Structures are given as structure tokens and as C-alpha cells.
Amino acid sequence: MATLRTESNIEDPDAFYSELIELHRGLTEEQSRLVNAKLILLLANQVGDMTVLRQVLAIARESLG
Amino acid sequence: MSDTAPRYPYRPRADQRAPRPAQHPVIIVGAGPVGLALAIDLVLRGIPAVVLDEDDTVSVGSRSICWAKRTLEIYDRLGCAEPMMARGVTWNRGNVFHGDRLLYEFNLLPEEGHRFPAFINLQQNLAEEIFVARAETLAGDGLDLRWKNRVTNVVPADDHVRVDIDTPDGPYALRCDYLVAADGVRSTVRRVLGLDFKGRVFEDRFLISDVKMRAEFPPERRFWFDPTFHGGRSALLHRQADDVWRIDLQLGADADPELELQSERVVARLRRMLGPKIAFEVAWSSLYTFQCRRLERFRHGRVFFAGDAAHQVSPFGARGGNGGVQDADNLAWKLALVLKGAAPERLLDSYDAERIPAADENILHSTRATDFMTPKTAASAAFRDAALSLAERYPFARGFVNSGRLSRPATLDASPLNTPERDAFTPVLRPGSPAADAPIRTPQGGETSWLLRELRNGFTALCFGDDGAAASVGALANGPVPVAVKRIGPGALADPSGRAAQRYDARPGTLYLIRPDQHVAGRWRRPDADQIRSALERALALQE
């Protein structure tokens, strides 16, 4: 069974993080929500594996009840 | 439409003057597509059926319009497919728009070599006229269709069911071995037995109209998310027979039904959609909210529920009418064999085991489609918009866009009647699947025919290769529940395109045992007679 990576897998996390924040600059709340939703769909399709995606969904909801 | 609807005369029966309630094997409540399909199927199997309908005509207004390939295959077995094909609008393609841009189109029947198209559209009232005409040809064989017979009460007992009926000549009562409620969403039988639906109710209101117009749109399903003519909502356009078009417009949860049904308002909405040039006439319109729910069980002793009386779905996916006809297809052969004493009563339990998962599948797809179309939260609206805005350029996102997942026949995977397979096959036609069609040629004269036409109303051993495969059926061919042998191979049916062998993943020696409803009961690479006998017994619930 495929397992979600939980160790860092991006060479330069700082660079990605700042580009992610930059992506949202100047957007309204609603536009940001749309951009985030697109990101999730694109990345989920890249992952593809439903067992990994289910682990992602579970972690994303952790501590929120 | 109602001005041209046929009237079927009420005719008093001798039963109404009988001193005691007359006894019938099967009484069906409701002469809609489900009730009539069941009645026709039973009578073709030699079981007389009484059908009670409170009205004296076909259904009024927009109901089912799309009949799926599997349903047409069932209708063909019942002798109704040809007039439906002649009358209906054939279509295989759908288009999905976002705003005014075409996002993508899809073909629901991408491969050749099927007798029937993915769908035809034929408004339910016209389909019912065809069923009634077919039912009338079977009157002499025991199909007793009683108009203006309104069921007022149902009293189940251990060894029969009593039905109280009102007619223009006053009340009378009947008794039957089995009662089938095919009396729709507002089922009287369900109400008098005090049974409730469980599931979800959606709050969004939809305006559904049938519009008569001469328009040049192709016979495709067209679905719009957020079109400029109906901003922020969804719209559906679908062609029916006789220049009638179905239009569904989402109005939202707070739409005022009284206001929205004012004819000027309806016409104005449709005018915005259809443009200034097209002349149209509103034949019928109504405001709907949708439910996705079902009865907890479809069998209650000697009473069975089928179609909308048993389960309800939203219209996006054409899963109501098609699912209901498949209920009838599933129940008819079982009732017939039990009534003939060829199978034990517990075979009837498999109706629940098979049709409840099928209903759940329809409810699941219908719920998901309705959720996609009517997002309830800011987050779900954002995901919907994200999928829509990606779908035109990035094909992966089309998989998320849900304008209705159109009816597919259920594969009865969890059925206790299936013989689990041990031989290696591709999964497509695994036990529980409806048998696939393919073009074939008959040995006499080499006429072109279709495989499903060869599978008639009984059990069939479909085998591939030379006579050796067929020989293992042996004495079962003449048993109490006979198994017809159909062979594709030298000196028998020919498979000129190779599609039968390909669809059935067949090699010489491969044998499929196919049920009377054309579902696969078991399959083997080279079975012996014991394996086939055991699978037949299992499919008849003869094994404990």
C-alpha cells in the first residue's frame, strides 16, 4: 500500500512557500479560495493514489474534530 | 399533451360481483413503466398478472424521458423496444458548458457493435402508450389491466394479501399470493402499510418545463453551469420526441413556487435561454425539489416495492425510470419460478439483496451530482468553480465535473445468487453483470442478429468453441428449470466481428451461465456438469 511522505520532499521549501504566498497576493478572499481549490485538484490528480489521498484528507482535518 | 392523451376505458370484471374476494397469483399496483414491464414479463413467463391503476390514462407532465441501453435491452425481451426506438430520439452525446463556453463533450457509447444506443429520449407518457398497447396484446394470455381501480387498503396475511379497491361501480376486494407496489413516489401501498423513506431531501428548487418548438439543436444532452441566460445557476436542455424539449432550470432554495410558476415569468426565463427568434410553446412546467432516499427494505413478506415506490433519486442521471425497470426485470423471473414451485420462496429475498445495493448506487450518484450542482458551502462552491475553470484546458478536471452520471446497469456484485469465480477472467463480465450484447450470425442462412436476442426468458448456458463445451450442460437442458444451450463456434452461432469473444473474454471451452434476467450467474474456462448444476441451484436459491 502506498504511504504518504511526511518527511520533506521539496528541495527548497522556503522558495515554494514564498511562491505559494505570492500566488495569493492581491486576491480577494473568494479568489484565494478558488485558487486553493484549483491547487488541491491539480495536486490530487498528480498524486492519483486513493490510499495516499485518504491519508492526506485525514491529516488535513486532524485536530479540527 | 393532456388533450391528446388516450383514455382507456374502465371495464367491470366478474371479480367485482364475486361473493368472496377472487384469488390471483400476482397483483401489481400502478400501470406506469415499472408496473407494466413487470406485468408483461410475468405473463410472458406464464404467470397471469392483474394490474390496478387509479387513473384511465397515461402519466401527465414531465416524468422520465431518458431510457438507457440496458433498459432498451429489457424492453426488447418484453417486445416493446422496436416501437420505442421508432418513436424516440436516439442520442449518445452530451455537452457540458460553463458560462457560454463549451467545456467538453462526451460520447456515452464509444464502441461499435451494440444493438441499442446509449440512450433514447421518449417522454414517459408516450412510452406508457407503447407498454399499454403491448399489454393489451397479452390480454388473452392473462394480463388483466384494470383502469379506474383505486387501491384503498392492503392487508397482508401469512398466506395471501388482501387488496381493497374502489371503482366507478363501487368497492370490491381481491386476494393475491404476491402484491407488487409500483405506484410511484406517492405510493398508496407504502402509505397504508406505514412505511417511510430514509435519505436526503435537497432544498434547491428546479423549474422543469416541456417546451414544444422547432429548433435545430442536435439531439444531444446539453448542460450549462452558470450560463449568462441563467446567471449563477445550472440549466439542462434535452430533446424528446415530437419536437418537445425538456428544460431544467435551477432556481435556488428560496425560489417562491407561486411566483415562479406564473406563465409570463416561465416564458421570460425560457426566452432568455432560447433567444428571441425561436417560437415555442410551454406544454407543461412544474417546480421540483429533489429527494435521494429509499425504503429500508423493498420486500415486506408478500408485498414488494419497485420503482419510485421503493426509491427516489434526482433526475440528473436518468436513474429513476431506468432503475425502476431494472427492479421489474429482477423480480419477474423470481416470482414466476416461485409461483411455479420451481424455486423456494427464499429466492424472493434476493430481490432485496440485489436491488437495494442497486438503488444505493443510483442514490449515491444522484446525490453526488446534486451536491456538485447545488454547492451548500463556500468551500464546496470553490471546488466546483475550480473544477469547472480547469476542465476546458485540463482534461483531468472533467472527471470532477458532475452534471449527472448517466444511468448504468447495476452489477449485482454482492448477490447470494452469484457463483464466485475461480478461473482467471477480465473483470468486466464478472458474475452479477448484465450480459453484454454483440453482433452475431445465426447458423441457418447466416442472418445477422444480436447475442442478447438469443438469450430469451430462461437460463442460458452461453458457450464458446466446439461441441465439447456444450456437452457439459447435459441433462440440465431438460431439467425442471431448463438451461438453453447457445454456442458460439463452428456449426453454431458465428461471431464475425470477434466482439462476442472479446467482450466475454472467451476462449474455446469458456461457458457463462446466464440468468433469465440476462445477468451472469457464473462463468468458467471449462466447467464440468457438476459445476454448472451447482451454479444453477445457487441462482435458484436451492442451496441453503
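Two strands are said to pair if DSSP finds at least two bridges between them. With that in hand, I turn to this predicted model, and specifically to chain B. Strand β24 of chain B, residues 459-464, and strand β26 of chain B, residues 511-514, are joined by four bridges and pair in the antiparallel sense. Within that pairing, A461(B) stands opposite L513(B) in β26(B).

Let me place this pair in its sheet. Which order do the four strands of this open sheet take? The order is β25-β24-β26-β27 in chain B, and the pairing is mixed. At the edges are β25 (483-488) and β27 (520-524) of chain B, each of which pairs on one side only. From one strand to the next, the twist averages 15°.

Is β27(B) mostly covered or mostly uncovered? It is mostly covered, with five of its five residues buried. Helix α14 of chain B, residues 529-539, lies across β24, β25, β26 and β27 of chain B, and runs at about 165° to β27(B).

I now step back to the domains. The domain assignment of chain B gives domain 1 as 22-90 + 113-198 + 292-365, domain 2 as 201-291 and domain 3 as 439-539. Taken over C-alpha atoms, the centres of domain 1 of chain B and domain 2 of chain B are separated by 29 Å. Their contact takes 16 residues from domain 1 of chain B and 15 residues from domain 2 of chain B. On the domain 1 side of that contact, β4 (89-91) and β18 (291-295) of chain B each supply at least two residues. The residues on that side of domain 1 of chain B comprise six nonpolar, eight polar and two charged.

Strand β4 of chain B brings us to a second sheet. This open sheet has three strands in the order β3-β7-β4 of chain B, with antiparallel pairing. Why is one side of β3 (66-68) and of β4 of chain B left without a neighbour in the sheet? Both stand at the edges, each with a single partner strand, so one side of each has no neighbour there. On average, and with direction ignored, neighbouring strands of this sheet are turned by 30° against each other.

Looking at one pairing in detail, β4(B) runs antiparallel to strand β7 of chain B, residues 119-121, and three bridges join them. W91(B) stands opposite F119(B) in β7(B). Helix α2 of chain B, residues 69-78, packs on the sheet and touches β3 and β7 of chain B; its direction makes about 75° with that of β3(B).

A further antiparallel pair is formed by strand β9 of chain B, residues 150-156, and strand β10 of chain B, residues 161-166, with six bridges between them. The bridge partner of V154(B) in β10(B) is V163(B). A hairpin through four residues joins β9(B) to β10(B).

Next, helix α1 of chain B, residues 33-44. At 1.5 Å a residue, its twelve residues should span 16 Å, and its end C-alpha atoms are 16 Å apart, which agrees. Eleven of the twelve residues of α1(B) are buried, so the helix is largely enclosed by the rest of the structure. Among the buried residues are P33(B), L36(B), I40(B) and D41(B). After α1(B) comes G46(B), whose phi is positive, near 85°.

One loop residue also deserves a remark. R398(B) lies in the loop between α10 (378-391) and β22 (439-441) of chain B. Why does R398(B) count as partly exposed? It has 17 C-beta neighbours inside 10 Å, and a residue would need 20 or more to be buried, or 12 or fewer to be exposed. Leaving aside residues up to four places away in sequence, R398(B) touches Y104(B) and A391(B). R398(B) and A387(B) are eleven residues apart in sequence, and their C-alpha atoms are 7.2 Å apart in space.

Finally, the contact between chains. Eleven residues of chain B are in contact with six residues of chain A. On the chain B side, these residues divide into nine nonpolar, one polar and one charged.

Note on methods:
Residues numbered from 1 in each chain as written. Chains lettered and ligands numbered in written order. Predicted model: local features only at pLDDT ≥ 70, side-chain atom pairs only at ≥ 80, totals over all residues. Domains from an automatic or database assignment. Contact = placed C-beta atoms within 7 Å. Nonpolar A, V, L, I, M, F, W, Y, C, P; charged D, E, K, R; others polar. Axes fitted to C-alpha atoms, helices over the stretch in contact; angles between N-to-C directions. Expected span 1.5 Å × (residues − 1).
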